[in-house]
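Trainee: I want to know what stands behind each label. Can we go through them one at a time?

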Amino acid sequence: MKKITLMFVLFFLVVTTLFAKNYERILTERSSIQAALSINPDILECVQNLEYAKQRVREAFSLYFPVVGVNLNLSRFNNTKPILISGENSQKLIYLPEGKKDLYYSTQLSIWQSVYTGGIIRATNKLSHVNLNKVKAEENIINSRVINNIKLIFNECLYHRALIDFYSAQSKISNNTILKNKQNLEVLRYNQEILNLLNAIGLDLNTIVLIAGDFIPKMKEIDLGKCLLLAYEFKSEFKATQEQQNLDSLMLNLLSMQKYPNILLGAAQEWVGDKIVGDDTNWYCTVNVNMPIFDGGSIFARIKQGKIKYRESIIKRAKLENDIKLEIMQTFLEYSFFKDQVINAKLLEKNGKYNESDIELIRNLNKSYYNLELAIGVELDSY
């Protein structure tokens, strides 16, 4: 009961302070990230791309099912000979017999089912699933970049706030004009970073916020080998390029399948006459085989284009692996450098009583830490 009472009192004090200073929101690093993942425009765009990819999967799956259609035509004519008519959006030719009719119906119910397409339907379905996986990987890339950007900006906010507090404390001791000018400059930069943070999250730039968080060194015991292993396992860029390579491979197979025949089964029942279901009936069952013979070589040209595109994706993946490995090694060296400086300066023993150079060192350490996270593709606090 005492714990509940204490929590209530602390909550009341925080809320009271918030309203007393006219703050509209309290932002921590975690709450800023959560807000950005909900309302950031780049994230919302990714969500729409993902939904679009899911609909393509559903569309591809529908190719396995038969196509059922109903055609209804109402005509009035006076023909000296039978004629065939077709509407602009109609796939069926309408037969009108010889003679005069004030009211003439033609009603048809048809069904078509693909029996053999040389593997095109199966490949199209697999292609849609691979594309969905690629879009998911691209969404994770955008998420990682947004999260990293929030962390970097939030670190800058804490950095400038720490300098403001430091210069304010020093000004009270020495009453130095230079220190006051530095403090005013840091207030300006702090407000600018607040605007950057609001923009990165997706909040209105006029939102009055309170930045909550401790400006402390981000320390993590991790070696280069583990960084590389984590990247190969979790780096979304790897997954995206792999899925793109799979897409190009499937597209090549899909193009090659255009050389094979297509077999369709069809059936229809037609009623014609003065009623919607007329007196005269026609029906058919049919097997349709379509075999490509010669098209001037366009199929072979498209297949060759597919092979070129597939080789290009292999080259891009190899280049990406080298680029990511280079980025990880560079950011790891930078983080290790600043971490050693923090250890040598014994900042962890100062319990938050930092001087100006200490604050700058923590800023650089945390920045290198977040850059290493982005290079690897995971949040290091989880490992």
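Trainee: Why is Cys46 called buried?

Mentor: Buried means under 20% relative accessible area, exposed over 50%, and partly exposed in between, with a 1.4 Å probe and protein chains only. Cys46 has 9% relative accessibility, so Cys46 counts as buried. This is a predicted model: local features need pLDDT of at least 70, side-chain atom pairs count only at pLDDT 80 or more, and totals for chains, interfaces and linings use all residues. Residues are numbered from 1 along each chain as its sequence is written, and side-chain values use heavy atoms, with hydrogens and water left out.

Trainee: What makes Cys285 exposed?

Mentor: Its relative accessible area is 60%, so Cys285 falls in the exposed class.

Trainee: How many disulfides does the search find?

Mentor: Zero, in the whole structure. The test asks for a pair of cysteine sulfur atoms within 2.5 Å.

Trainee: What makes Phe61 and Tyr64 an aromatic pair, and of which kind?

Mentor: Rings of Phe, Tyr and Trp (its six-membered ring) pair if their centres lie within 6.5 Å; planes under 30 degrees apart count as stacked, over 60 as edge-to-face and the rest as tilted. The count by this rule is nine aromatic pairs. Phe61 and Tyr64 have centres 5.8 Å apart and planes at 65°, which gives an edge-to-face pair. Phe61, Tyr64 and Phe65 form one aromatic cluster.

Trainee: Why is the pair of Tyr159 and Phe215 called tilted?

Mentor: The ring centres are 6.4 Å apart, and the planes stand at 50°, so the pair is tilted. Tyr159 is in helix H4 (residues 120-174), and Phe215 is in the loop between strand S6 (209-211) and helix H6 (224-234). Helices (H or I, at least four residues) and strands (E, at least two) are DSSP runs, numbered from the N terminus. Tyr159 and Phe215 are both buried.

Trainee: What lies over the face of Tyr159?

Mentor: Arg363 does, at 4.3 Å from the ring centre. The rule wants NZ of Lys or CZ of Arg within 6 Å of the ring centre and within 35 degrees of the ring normal.

Trainee: What makes a set of residues a nonpolar core?

Mentor: They are buried Ala, Val, Leu, Ile, Met, Phe, Trp, Tyr and Cys residues, joined through side-chain atoms within 4.5 Å. The largest such core here has 55 residues. Ile150, Leu197, Ile201, Ile211, Ile359 and Ile376 have the most contacts inside it. H4 gives the most to this core, with 13 residues. Another core lies apart from it, with seven residues, among them Ala123, Leu127, Leu250 and Leu254.

Trainee: Which residues does Ile201 touch?

Mentor: Contact means heavy atoms within 4.5 Å. Not counting residues up to four places away in sequence, Ile201 touches Leu27, Ser32, Ala35, Ala36, Ile39, Asn40 and Ile150.

Trainee: Why does Asn40 count as buried?

Mentor: Asn40 is at 5% relative accessibility, so the buried label applies. Asn40 lies in the loop between H2 and helix H3 (41-61). Leaving aside neighbours within four places in sequence, Asn40 is in contact with Ala35, Val146, Ala200 and Ile201.

Trainee: Why is Asn351 called exposed?

Mentor: Its relative accessible area is 67%, so Asn351 is exposed. Asn351 sits in the loop between H8 and H9. Phi of Asn351 is near 55°, a positive value in a residue other than glycine. Most residues other than glycine have a negative phi.

Trainee: Where is Lys346, and what is its phi?

Mentor: Lys346 is in the loop between H8 and H9. Its phi is near 55°, positive in a residue other than glycine.
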